[in-house]
Amino acid sequence: VDSFENRRDCEVNGRDAFMGELNGLTYLCWTISPTYSCVLEYTAESASEADILRMAESVGEPER
């Protein structure tokens, strides 16, 4: 995470998130609960940033 380039803050379902680039890939990272964090890895050619954010928004709370 500390090595990410072009790191920028954003939100997923009202939660703090961030995007960053590393070795030609982009990562969207966010925490959905005290126990679970999520990371989506993608390239600009595979999906748009808007599509990635929509995918992330579809991730719900984990079942207990």
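1. In what order do the strands of the open sheet stand, and with what pairing? The four strands follow the order E1-E2-E3-E4 in an open sheet of 4 strands, with antiparallel pairing; here strands (E, at least two residues) and helices (H or I, at least four) are DSSP runs numbered from the N terminus, and two strands count as paired if DSSP finds at least two bridges between them. E1 and E4 are the edge strands, each of which pairs on one side only. From one strand to the next the twist averages 20 degrees, where axes are lines fitted to C-alpha atoms, for helices over the stretch in contact, and angles run from 0 to 180 degrees between N-to-C directions.

2. A word on the basis of these remarks: the model is predicted, so that local features need pLDDT of at least 70 and side-chain atom pairs count only at pLDDT 80 or more, whereas totals for chains, interfaces and linings use all residues. Residues are numbered from 1 along each chain as its sequence is written, and side-chain values use heavy atoms, with hydrogens and water left out.

3. Helix H1 (residues 49–57) packs on the sheet and touches E1, E2, E3 and E4, its direction making about 45 degrees with that of E1; contact here means heavy atoms within 4.5 Å.

4. Strand E3 deserves a separate comment.

5. The hairpin that joins E3 to E4 runs through 5 residues. Tyr-36 is found in the loop between E3 and E4 and is partly exposed, with a relative accessible area of 41%. Between Tyr-36 and Arg-7 there are 21 Å in space, C-alpha to C-alpha, and the two are 29 residues apart in sequence.

6. Thr-26, in strand E3, is buried at 11% relative accessibility, and Glu-21 stands opposite Thr-26. Leaving aside neighbours within four places in sequence, Thr-26 is in contact with Arg-8, Gly-20, Glu-21, Leu-40, Glu-41 and Tyr-42. On the E4 side, Cys-38 is the bridge partner of Trp-30, and Val-39 in E4 stands opposite Cys-29.

7. How many aromatic pairs does the structure hold? There are 2 aromatic pairs, a pair being two rings of Phe, Tyr or Trp (its six-membered ring) with centres within 6.5 Å, called stacked if the planes are under 30 degrees apart, edge-to-face if over 60, and tilted for the rest. The rings of Phe-4 and Phe-18 form a tilted pair, with centres 6.1 Å apart and planes at 55 degrees. Phe-4 lies in the segment before strand E1 (5–12) and Phe-18 in strand E2 (residues 15–22), so this pair ties together parts that are 14 residues apart in sequence. Phe-4 is buried at 14% relative accessibility, as is Phe-18 at 15%.

8. The other pair, Phe-4 with Tyr-27, is stacked, at 5.3 Å centre to centre and with 10 degrees between the planes. Tyr-27 lies in strand E3 (residues 25–31) and Phe-4 in the segment before E1, so the pair ties together parts that are 23 residues apart in sequence. Phe-4 and Tyr-27 are both buried, and ring pairs link Phe-4, Phe-18 and Tyr-27 into a cluster.

9. The structure accordingly holds 0 disulfides, a disulfide being a pair of cysteine sulfur atoms within 2.5 Å. Cys-29 counts as buried, at 9% relative accessibility.

Key:
Buried < 20%, exposed > 50% of the residue type's maximum accessible area, 1.4 Å probe, protein only.
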